[in-house]
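Subject: Structure for your review

Dear colleague,

Please find below the sequence and structure that I am handing over to you.

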Amino acid sequence: MTQLSSDALDFRGKVVLITGAGTAIGRAVAVAFARQGALLSIGDVNEAAAAETLDLVRRNGHEALFTRTDVSQESDVQAFVARTISRLGRLDCAFNNAGIAPEDENRKPLAMLDAALFDRLLSVDLRGVFLCMKYELQHMARAGRGTIVNSTGVAGLVAEAGLAGHVAAKHGVIGLTKVAALEYAAHGIRVNALTPGEEMAGPVLFLCSEAASYVTGQVHIADGAATVQRMFAIDLLSKARAGASQAAGVG
Ligand SMILES: NC(=O)c1ccc[n+]([C@@H]2O[C@H](COP(=O)([O-])OP(=O)(O)OC[C@H]3O[C@@H](n4cnc5c(N)ncnc54)[C@H](O)[C@@H]3O)[C@@H](O)[C@H]2O)c1
């Protein structure tokens, strides 16, 4: 059994790569890792937002490397990971967090969904995670160690009407996470998925730390209990059947 050290969340000397670190969750996680001593490599399409994150990290007395990266582009991701290793010397942890938030005006039933929008969502939220893992794992497997956390969402666990692309991508992230965990456990690499709500820094640092050394291939849910409640008093098919019977004058 591994002995848990009292400084399990000490990331001094560790290199952590984060995608989508320009805003919200990615930014908060970047600052939290920096405070725990990690060397950061952040990638984002939004250079202005990423610059604000860098500024925040530096104001906390730490340094970070930024590489403009579109996670849906293989050459960008390959260059981002290669630059991280050439400039910072190693790669210990990766938080594959970049994603496209669902927009209300794009909510449509599947039969009405624009195929180009579907492709765009999958290219960032799913292909992006695949590409990041592809290049991170190549390096981590050579090094014989590493931890990866992929952002999924409640949409990776349950469906939401009107969001087929988002739901498909987030379910896909969980599948990719499980495959990667299976394939790379023997290389000393752990891969988990995280279902975010608001406060993600603690769960991400935990999953990347030695405190989670026996946790891999799992979906860690930190959603403030959003998914534990029963959503419907009656299932949807029963409702539809009751409606049809009523319309037909039966029952
Ligand atoms: N906020 C939540 O409550 C919540 C809930 C469920 C899932 N998530 C997931 O967590 C992750 C982060 O969520 P957030 O709320 O911080 O999102 P956000 O929209 O605030 O930030 C996403 C970041 O990803 C970047 N990004 C977008 N497309 C990119 C691309 N092609 N390449 C590189 N970077 C790109 C954006 O510039 C931004 O900095 C996402 O994957 C999201 O789907 C968040």
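Predicted model: local features only at pLDDT ≥ 70, side-chain atom pairs only at ≥ 80, totals over all residues.

Overall form

The chain comprises eight helices and seven strands. Its radius of gyration is 20 Å, close to the 18 Å that the globule rule gives for 251 residues, so the chain is as compact as a globular protein of that length. Along the principal axes, the C-alpha atoms occupy a box of roughly 75 × 45 × 35 Å. Of the 251 residues, 40% are buried. When contacts between residues at least 6 apart in sequence are considered, 73% of them join residues at least 24 apart.

The seven strands make an open sheet with parallel pairing, in the order 3-2-1-4-5-6-7. Its edges are strand 3 (64-68) and strand 7 (219-221), each of which pairs on one side only. From one strand to the next, the twist averages 20°.

Strand 2 (residues 39-44) runs parallel to strand 3 and is joined to it by five bridges; Leu40 has Ala64 of strand 3 as its bridge partner.

Strand 4 (residues 93-96) has a partner on either side. Strand 1 (residues 15-19) is parallel to strand 4 and linked to it by three bridges, while strand 5 (residues 146-151) pairs with strand 4 in the parallel sense over four. Ala94 of strand 4 takes part in both pairings: Leu17 stands opposite Ala94, and in strand 5 the bridge partner of Ala94 is Ile148.

Is strand 4 covered or open on its two faces? Both faces are covered: Cys93 and Phe95 on one side are buried, as are Ala94 and Asn96 on the other.

The ligand

The ligand is surrounded by 27 residues, of which the closest are Gly20, Gly22, Ala24, Gly99 and Gly153. Helix 1 (residues 24-35) gives the most to the shell, with three residues.

Two residues compared

Val16 belongs to strand 1, and Ala168 to helix 6. Val16 is buried because 29 other C-beta atoms lie within 10 Å. Ala168 has 19 C-beta neighbours inside 10 Å and therefore counts as partly exposed; a residue needs 20 or more to count as buried.

Beyond its neighbours within four places in sequence, Val16 is in contact with Phe11, Phe33, Ala38, Leu40, Asp92 and Cys93. Two of these have already been mentioned above: Leu40 is the bridge partner of Ala64, and Cys93 is among the buried residues of strand 4.

Val16 and Glu47 are 31 residues apart in sequence and 19 Å apart in space. For Ala168 and Leu182, the separation is 14 residues in sequence and 21 Å in space.

With kind regards

Methods: Residues numbered from 1 in each chain as written. Buried ≥ 20, exposed ≤ 12 C-beta atoms within 10 Å, placed from the backbone. Pairing = 2+ DSSP bridges. Axes fitted to C-alpha atoms, helices over the stretch in contact; angles between N-to-C directions. Near = placed C-beta within 6 Å. Contact = placed C-beta atoms within 7 Å. Rg over C-alpha atoms; globule rule 2.2 N^0.38 Å.
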